[in-house]
Amino acid sequence: MQTNQSSFRSGFVAIIGRPNVGKSTLLNRFVGQKVAIMSDKAQTTRNRIQGVYTTDHSQIVFIDTPGVHKPKHALGDFMMETTKQSIKGVDAILVVVNADEKMGPGDRHVIDTIRSSKAPVFLVINKIDLIHPDELLPIIDRYMEYYDFDEVFPVSATQGNNLAQLLNRLEEIIPEGPQYYPTDQVSDHPEYFIISEFIREKVLLLTREEIPHSIAVQVESMHRDENDKLEVRATIIVERNSQKGIIIGKQGSMIKKIGQMARRDIEELLGEKIFLELWVKVQKDWRNRRSQLAEFGYRPDDY
């Protein structure tokens with residue numbers, strides 16, 4: 001832990017934006033490790049996920065939030081409440097937009113949610129690697145006409161362009177304060193949460209459109225066998241029997257593939273070989289049942 005606190009700076013920075021603009025990719029880049037799952041499907045992030053960036057003289061706690069959207073069920077309500085609560089009391093807000101898509105109602109809705117904030121608000125124009133440099137200034141002008149951002153940072157989260165400059169600026173504006181997390185800690189979530197997210201990511205990646213938003217993953221147990229190998233058992237929850245069949249696949253081929261891909265990420269996270277066992281369970285309409293939302297880790301009272 002940091003001992004010389006007199007000149008140490010620390011603060012909290014919220015990352016918000018509509019679904020699929022690259023918020024989780026940005027968070028993983030900042031902390032230098034995968035802590036948030038990534039997918040090209042909207043509403044991938046459901047919880048508030050904190051990534052911790054630490055140097056010798058500062059610590060920034062980044063808060064990755066669910067993409068701002070119009071809720072259609074209790075899970076959606078939870079996600080939007082999470083986003084709303086996450087921007088309260090932070091030291092800066094990053095509004096992330098997509099460079100290769102025109103500003104639309106979704107982007108304007110995101111910006112409207114931060115209008116009452118007292119914190120500095122930076123516009124982060126992501127995916128600049130997908131546009132011609134000449135297109136950048138008109139994009140900046142359009143957003144600045146809608147809201148007077150404190151600063152603008154065109155970046156590429158996938159390639160790392162301009163992220164160092166953004167980090168440097170954030171380090172300058174956060175206040176003096178304590179080191180909240182140990183130097184080697186990159187997330188506030190326990191390992192079992194990140195493991196469940198890695199498994200969910202692989203389901204999103206491998207299954208058809210009807211599956212993504214109706215699944216949850218629950219890690220049932222993590223313990224060591226007699227040979228000291230870590231055994232992880234997890235359940236994939238779906239809403240319909242037909243979805244269960246899709247996830248299991250022909251002769252178990254899909255769930256085997258999900259397990260193989262998830263195991264690689266989990267082993268990289270933990271730095272050791274593991275045994276991963278997956279089950280699939282049907283819980284009808286779980287996204288609208290608050291008791292089950294809480295059971296699966298979606299608890300609005302936590303924020």
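**Strands and helices**

Colleague: Which residue in β9 is the bridge partner of Glu231?

Modeller: Glu231 has Phe275 in β9 as its bridge partner. This is a predicted model, in which local features need pLDDT of at least 70 and side-chain atom pairs count only at pLDDT 80 or more, while totals for chains, interfaces and linings use all residues. Residues are numbered from 1 along each chain as its sequence is written, and side-chain values use heavy atoms, with hydrogens and water left out.

Colleague: In which sense do β8 and β9 pair?

Modeller: They pair in the parallel sense, over 9 bridges; strands (E, at least two residues) and helices (H or I, at least four) are DSSP runs numbered from the N terminus, and two strands pair if DSSP finds at least two bridges between them.

Colleague: Which helices pack on the sheet there?

Modeller: Helix α7 packs on the sheet and touches β8 and β9, with its direction at about 155° to that of β9. Helix α8 also touches β8 and β9 as it packs on the sheet, and its direction makes about 135° with that of β9. Touching here is contact, meaning heavy atoms within 4.5 Å, and angles run from 0 to 180 degrees between N-to-C directions.

Colleague: OK, and what is the strand order in that sheet?

Modeller: The 3 strands form an open sheet in the order β7-β8-β9, with mixed pairing. Its edge strands are β7 and β9, each of which pairs on one side only, and neighbouring strands are turned by 20° against each other on average, direction ignored.

Colleague: How do β7 and β8 run, parallel or antiparallel?

Modeller: Strands β7 (residues 216-224) and β8 (residues 230-238) run antiparallel and are joined by 8 bridges. They form a hairpin with 5 residues between them, and Asp228 in the turn has a positive phi of about 70°.

Colleague: Back to α8, what do its buried residues pack against?

Modeller: They pack against α6 (191-206), β8, α7 (241-248) and β9 (274-282). Among the buried residues of α8 are Met254, Ile258 and Leu270, where buried means under 20% relative accessible area, exposed over 50% and partly exposed in between, with a 1.4 Å probe and protein chains only. Gly271 follows α8, and its phi is positive, near 70°.

Colleague: New topic: is Ala14 buried or exposed?

Modeller: Ala14, which is found in strand β1 (residues 9-16), counts as buried because its relative accessibility is 0%.
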